[in-house]
Every structure is written in C-alpha cells, then in structure tokens.
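Subject: Structure handover

Hello,

The structure you asked about is below. My notes on what turned up in it follow directly after.

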Amino acid sequence: MLTVRDLPTLPVLAGARTVAGAAGLDREIRAVNVMEVPDIEEFVRPDELLLTTAYPLRDRVEDLPDLVTTLHRRGLAALAVKTGRYLAELPDDVVARADELGFPLLVLPDSTAFNDVIGAVLAVVLAEYGAEPARAEAIRERLTGVALAGGGLEEIARTLAGALDRAVAVTDTAHQVLGASGLSPGDHAPFDDPDGVWWRFPVTIAGRGRGQVLVDGLQEPTLGQRRLIRQACFAAGMHMAQAVATAELDRRMRALFLEELVSGTGANQSLLRDRGRLFGWDAQRPYVVAIADAGADRGESGDAVAARSTPPLPTGSIVWSRGRELVALVAWREGLDLESVAEEWQRLLAASWHAGAAVACGSVARSPHALAASHLAARESLDIGRATGRTVVTQHMIRLEHLLFSTPADRLDAFVEAEIGPLVEADRTGGARLCETLEAYLATGNAAEAARGLFIHYNTMKHRLARIEEILGLDLHDPRHRLSLAVALRIRQLR
C-alpha cells in the first residue's frame, strides 16, 4: 500500500513539500492522473494522485478553491502542483480550503517530470513483492526497469522468455500479439484456442482486463515461475497504463488546442503554429469548420463514434469530439464540392450514430484568424438546419436565413405581422390552412402543382388563393408581393 505520506520517500518526489491537508496524509493511492485540461473533474477517480501545472486555470486562479473542494468530494487522494511555470505559488485561500477539508496538497519542484512520477507511483501500486531467489529477484528488477524506462512489450516478453526458457507472448483482449519471444511464425495463430498449449495470465489495469501474458509448454509453470510471470504481467500492465494515459492526455491536449483555435481564444499566432504542427494543423492552409450533431436523442458520445468511424473528408482534415458533437477542420481547396462532402459524412453518421444526425458547415477560413468566424457560422448554420428540418447545411444554402438572423427580432416580428398577420389570424380562428396553401403556391409558382402537393382539389386551391388575396388586399401575380410574402413566411417558420 502506498499512502500520501509515503510520496516524498520516492526518489523522484524527494523535493515534494506538503503544504496543506496534513490530516489526510494516510490516504491510500491506487492510481495516478494528470490535469492539463479544464474538464478534469469528469475523469478523476477515488484514491488517485492528481498531478498538474495549473495550466488550465492559469487565467482563473480564483477557481482553485472550488476545484479542491470538488476533488475532495470525489475521493481524490491528493493534488500535487508543479509551481513556477503557470502558477508562481499556491494562493492562501487554496491552502486554507485544503487544510479545512483535510485534503493533501503538495508542491512539486519545477524540474519534476510527470512521466517519472507516474512510473514511480505505479511501480509501488501495481508491484507484488515477495521473497525471491537471487536470480529471480534480478529478473524481477529487470522487468520493472523495462517498464519504468519505457521499454516495450517485446522487451518484456524477451526478458521473461529468457528467464523461463519458454516461448512467451503478450496479447491484447482481441488476442492480437503485442510482443513475443521464442515463437516461430506459425505459433501466432492459436492464442484464442482454449485447448492450446498456452498458460494464460491476465494483465489488468485498475481491475479492467487489458490483455494477457501467454507462456508456452505442456508443464504447468512452477510457483517460482508464476511469480516471475506475475511480475511480467505487472510490467506489461504498467506499460499499457502509461500508453493509455499518454494517449488520453494527447487526445485532451489536442482537443483543447483545437477548441482554442476555433474559438479565437488561443495564444499568439507563432505559438499556435508550433503547437498546431504536432496535431496535423497547417497554418498556411484554408479550412472550413464543420459541426456534426446527433440531435435531441443523442445516444452515444462523439468519442465513441470518432473511434470507430473514418469520416469521408478531404486529406488533411482534422476531426475531434466535443462531448456529444464531432467538430472538423475540413481541408479546403478551390473547386471542392463541400455540400457533397457534408452529405456523405451525414449519411455515414446517420448509419453509425443516429438517424437524425446533422452536419453544418461554416465559411471558408483562409487564415487562422478567420477560423473563429467559420466556427460561429457553422454553429449558426446548425441552428438554422434544426429549425428548418435540414440535416445538411452549407453557407450558400442559407444566405437568406443568415441575413434574416442579423436583423433585430422585433423588426422581424413587425414585418411578419404587416405582411401576413391577417392570414395567420384567419388560420388561428378558422383553421383554413391559408399560410400553408400560400407557402406551397409560392414554392411552385403553379396552382395545380401546389394543389397536388397538398392533396387538395384544384378548385379548392383556387378558392383559397382568392381568399388570401381578399384578406391581404393584394395581387398574388405581383412579383414584389410574392417576394415579400415568401420572406414573411420564411421568417415565421424560423421564429
């Protein structure tokens, strides 16, 4: 068992100082997490040690006391802050809140490397200690060293195979070989055969199966061999845990960068370009921001959809999840049929995510500064699409709506009342469906075709049109009247 009190005894944490929450120093630590994104509260688990540079709160230091309270309520073991880069020192109110709650608060030297801390803590948390013969102890230390030094599963399998003089393989939960030693090419097939000559030992991380270590041989491994195999399972688990943690941190940091990019809240442009290259963003390339949303009944998250679906977007495009949405920077080029791209993406999402999935595209951003405007236009387009029943919306499809939405609401309402107010009132009191009739007629320009679309007799259509002209006091053959009425009906639909 590793407690918060034990942390400074680890060499990598020799310079750590406990500045608050001494009453909680005996809390047990079972895992490690890193906070470098604003929404960490959703991901922390009880008994975790949380490491941070306070980067997500660099501009909101006043939120730190509330964060400490939230982490304490979620059962976190302790919070370790590396000061110096984004936070010169912990504010007094943060220290006071941690002391009040008995929540351990540690300060780490600026030179502390989080990877080293994660490896050192996991080595204590995951390792199984016990009396071993001298050679076995050396092998155990070598296996631990492989994991701590970032060695791969191939090296772990090779070390264990050499110790046991048996073939060894490390597989994932789908029986895919991740590392092996002592196998001929034909030996890779039977790992999923329950009757095969492989002894199986699970690799778990926080109680969840991540794979297994397989040892060849008809003879059951001895107790001493089993202890070495368990150590190999620990080493493999540590390697997988570090890989999962690194991948998750990369995903969060990538999403944070891209959100800053499209919201216009990022740092200076030179820093954005340097960071963007790491995530596949080309500052010299024009992009169009697109948002995919599943609608009211969202079902699974965008993360799950993004993990299994490859969107049919042009080469160079970037996609990430935002909770229940997917956001894309669509690589733009002259002549690109953006509407077709959006329709194809919507069809894929409708089949794999939700039938009501909608895709909306913003304007073309020819510079990084224009991405925020493209993102805002995509959000407005999505709202317009939802209001009008469309599942694919591009800018050229809704230019009228954008123009209308830029007009104050009271002026829009006044226009509707002036143009078709009496017609709306007639529908409300008499149920004559005159607005629907007028909309169908203006959409087709032909009374007979409109009558067929409404499933009414042509004479009924003629009678309704005559009544509309009478109520509104105008001639429907006048193009100016037709235009004003069409705009009024569109505003009423949007409002």
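Glu425 and Arg428 form a salt bridge, with the closest N and O atoms 2.5 Å apart. The term means a side-chain nitrogen of Lys or Arg within 4 Å of a carboxyl oxygen of Asp or Glu. Both residues belong to helix α12 (residues 409-430), where they are 3 residues apart, about one turn of the helix. Helices (H or I, at least four residues) and strands (E, at least two) are DSSP runs, numbered from the N terminus. Glu425 is partly exposed because its relative accessibility is 37%, whereas Arg428 is exposed, with a relative accessible area of 61%. The classes are: buried, under 20% relative accessible area; exposed, over 50%; partly exposed, in between (1.4 Å probe, protein chains only).

Before the rest, the conventions. This is a predicted model, in which local features need pLDDT of at least 70 and side-chain atom pairs count only at pLDDT 80 or more, while totals for chains, interfaces and linings use all residues. Residues are numbered from 1 along each chain as its sequence is written, and side-chain values use heavy atoms, with hydrogens and water left out.

Other charged pairs

Side chains of opposite charge can pair when their charged atoms come close. The structure holds 15 salt bridges. One of them joins Asp47 to Arg30, with 3.5 Å between the closest N and O atoms. That pair links distant parts of the chain, 17 residues apart: Asp47 is in the loop between β4 (31-35) and β5 (48-52), and Arg30 is in the loop between β3 (28-29) and β4. Asp47 has a relative accessibility of 26% and therefore counts as partly exposed.

Arg226 and Glu220 also meet through their side chains in a salt bridge, at 2.6 Å from N to O. Arg226 is partly exposed because its relative accessibility is 23%. Glu220 is partly exposed too, with a relative accessible area of 46%. Elsewhere, salt bridges link Glu259, Arg322, Glu325 and Arg379 in a network.

Rings

How many aromatic pairs does a search of the whole structure find? The count is 0. The search covers rings of Phe, Tyr and Trp (its six-membered ring), which pair if their centres lie within 6.5 Å; planes under 30 degrees apart count as stacked, over 60 as edge-to-face and the rest as tilted.

Helix packing

Helices α13 (residues 434-444) and α16 (residues 479-494) pack with their axes 10 Å apart and at an angle of about 120°. Axes are lines fitted to C-alpha atoms, for helices over the stretch in contact, and angles run from 0 to 180 degrees between N-to-C directions. The two helices are therefore oblique to each other. On this scale, angles under 35 degrees count as roughly parallel, over 145 as roughly antiparallel, 65 to 115 as roughly perpendicular and the rest as oblique. The crossing of α13 past α16 is left-handed, that is, the near helix is turned anticlockwise from the far one by less than a right angle, clockwise being right-handed.

Backbone

Most residues other than glycine have a negative phi, and most peptide bonds are trans. Asp165 is not a glycine, yet has a positive phi of about 60°. Asp165 sits in the loop between α5 (153-164) and β8 (168-172) and is exposed, at a relative accessible area of 72%. Phe455, also not a glycine, has a positive phi of about 60°. Phe455 is found in the loop between α14 (447-454) and α15 (458-472), and is exposed, with a relative accessible area of 76%.

Two buried residues

Ile139, in helix α4 (residues 134-148), is buried, with a relative accessible area of 11%. Its C-alpha atom is 7.6 Å from that of Thr159, 20 residues apart along the chain. Gly211, in strand β11 (residues 208-216), is buried at 12% relative accessible area.

Regards
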